[in-house]
Amino acid sequence: MFTRENTKQVKGIAILLMLAHHLYTFADRIPYGLEIASQYYISGMELTVIIGSFGKICVSIFMFLGGYGLYASCSSGLSGGGHLPPELLSRHIIKLYKAYWKVFIIFIPIGFLFFGNQVQYCEAGLCSKFADFKFRDFISSFIAYGNAYNGEWWFFKTYLFALFEGFVFIEVFKNNRNAYSEIAAVIIWHIVIACICPTLTSLEVWGRLKSDAWFSNLFTISDYASVFFVGIVFAKYDIFKAWGKLSKNITKLENIILSMIICVFCVYTRVFITPTSYDLLLAPVFVYAVLNIVSLLPLVGKILLFFGENSTNMWLTHSFFCYYFYTFVKIVYSSRNAIVSFIILL
C-alpha cells in the first residue's frame with residue numbers, strides 16, 4: 001500500500017503543514033501591523049493558531065517517513081541475514097548534505113549581500129541574522145552543527161542522528177519477528193531520551209553530560225526522533241496493509257468520510273488534549289487517513305505529489321521568505337489575510 005509515490009504525497013502534506021506552522025504560530029515573528037489572525041475560534045482558540053499548532057506534527061511525519069524509507073532501503077540488505085553495509089548510511093548522509101549545501105551556498109550569501117542591514121520589523125530577533133559575519137558561525141552552519149542563519153534548520157542535525165540511531169535499531173532487531181516487542185522498545189527509548197536523560201543532566205553529579213555533544217545529540221535528541229523508529233516498525237511489519245484490510249468492505253464515500261473524521265480527530269486531539277509524545281500514535285494514524293483520502297481523489301494526489309517532490313527545497317528555503325528576508329516577508333504578510341498569505345508563501 002505504501003509506495004514511493006505515497007511517500008512523496010505524504011511529504012506534500014507535511015510540507016504544507018510546516019508552512020502553516022511557521023506562518024501562523026508565532027505572533028512575535030509576524031511584522032508589526034501585518035497580523036493575519038482570523039475571527040473564528042474553536043474551544044477558545046483562534047483558527048489560524050489551531051492550524052499552526054497542529055502543523056508542528058510535520059516534524060513527526062517527516063521522521064516517520066524517514067524511518068519507513070530507511071527500512072525499505074535496507075530490507076534487501078537484510079534478506080541474507082548479514083549486517084547492514086556501512087555505505088548505506090553514508091549514501092543517506094551524502095544525499096542530505098548535497099541538498100543542504102545547494103541551498104546554503106545560494107541563500108546565505110544572498111542574506112549577507114542584501115539583508116544585512118534590516119529594520120526591526122518584528123518582536124523576535126530575526127532581523128539581524130545577517131548583520132554580522134562570523135567565520136565560526138559560518139563553518140558551524142555549513143557543517144549543520146549550528147543553525148545561526150536559519151533557526152528552522154535545527155531539524156537537519158536531529159534527523160542525521162535519528163538516521164544513525166535508526167540503523168542501529170534495525171541492526172539490533174533484524175532477527176526479531178515480534179512487532180509488540182519492538183513497539184515496546186520504541187516507547188522505552190522515547191522515555192529515555194525525553195525524560196530520563198534530560199533529568200540526569202540537571203543533576204550536579206551528571207552535569208558534564210549536558211555539555212557533551214555525543215550525549216546531547218544521541219541521548220537528549222528531540223522527542224520527535226522516536227517517531228523515526230515507529231516508521232521502521234510500520235515498514236517492517238507492513239502495518240498499513242493490515243489496517244487496510246479493516247476497511248476493505250466499506251464504500252469509497254464511506255472511506256473518505258471516515259478518513260476525514262479521523263483527520264479532524266487527530267487535529268483536535270493533538271492541539272487540545274494530548275502532549276506531543278502521543279505523536280508516536282497520532283502521526284501514523286494521520287498518515288494512514290491522509291493516504292486513504294489521496295488514493296480516492298487522484299487530482300489531490302497529483303498536487304501533493306508535486307509538493308512532495310520539492311519538499312526538501314521548500315523546507316530549507318521557506319523561512320527565509322516568511323522570517324528573515326524582510327522584502328519578501330512584507331510581501332507574504334501584506335494582504336493581512338491568512339489564506340492569501342499562505343498561498344503567497346507556497
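This is a predicted model: local features need pLDDT of at least 70, side-chain atom pairs count only at pLDDT 80 or more; totals for chains, interfaces and linings use all residues.
Residues are numbered from 1 along each chain as its sequence is written, and side-chain values use heavy atoms, with hydrogens and water left out. Local features need pLDDT of at least 70 and side-chain atom pairs count only at pLDDT 80 or more, whereas totals for chains, interfaces and linings use all residues.

Two helix contacts were examined; helices (H or I, at least four residues) and strands (E, at least two) are DSSP runs, numbered from the N terminus. The axes of helix 1 (residues 4-24) and helix 12 (residues 279-296) come within 10 Å and cross at roughly 115°; axes are lines fitted to C-alpha atoms, for helices over the stretch in contact, and angles run from 0 to 180 degrees between N-to-C directions. Helix 1 and helix 12 are therefore roughly perpendicular to each other (angles under 35 degrees count as roughly parallel, over 145 as roughly antiparallel, 65 to 115 as roughly perpendicular and the rest as oblique). In this contact (heavy atoms within 4.5 Å), Asn 6, Gln 9, Val 10, Ile 13 and Leu 17 of helix 1 meet Phe 286, Val 287, Val 290, Leu 291 and Val 294 of helix 12. The residues involved comprise eight nonpolar, two polar and no charged (Ala, Val, Leu, Ile, Met, Phe, Trp, Tyr, Cys and Pro count as nonpolar, Asp, Glu, Lys and Arg as charged, and the others, Gly among them, as polar).

The axes of helix 2 (residues 47-55) and helix 11 (residues 252-273) come within 9 Å and cross at roughly 95°, which makes helix 2 roughly perpendicular to helix 11. Here Ile 50, Ser 53 and Phe 54 of helix 2 meet Cys 266, Val 267, Arg 270, Val 271 and Phe 272 of helix 11. This contact divides into six nonpolar residues, one polar and one charged. Arg 270 is also in contact with Asp 279, a residue of helix 12. With 1% relative accessibility, Asp 279 counts as buried (under 20% relative accessible area, with exposed over 50% and partly exposed in between; 1.4 Å probe, protein chains only).

Side chains of opposite charge can pair when their charged atoms come close. Five salt bridges were counted, each defined as a side-chain nitrogen of Lys or Arg within 4 Å of a carboxyl oxygen of Asp or Glu. In one of them, the closest N and O atoms of Arg 29 and Glu 152 are 3.3 Å apart. Arg 29 lies in the loop between helix 1 and strand 1 (41-42) and Glu 152 in the loop between helix 5 (135-142) and helix 6 (154-172), so the pair ties together parts that are 123 residues apart in sequence. Both Arg 29 and Glu 152 are buried. Arg 336 and Glu 35 form another salt bridge, at 3.8 Å between the closest N and O atoms. Arg 336 counts as partly exposed at 47% relative accessibility, and Glu 35 counts as partly exposed at 43%. Glu 182 and Lys 236 form a salt bridge at 2.7 Å, N to O. Glu 182 belongs to helix 7 (residues 179-202) and Lys 236 to helix 9 (residues 226-237), 54 residues apart.

Most residues other than glycine have a negative phi. Ser 43, however, has a positive phi of about 50°, and Ala 144 one of about 65°. Ser 43 is partly exposed at 48% relative accessibility, whereas Ala 144 is buried at 8%.

Key: Lists of a residue's contacts leave out its neighbours within four places in sequence.
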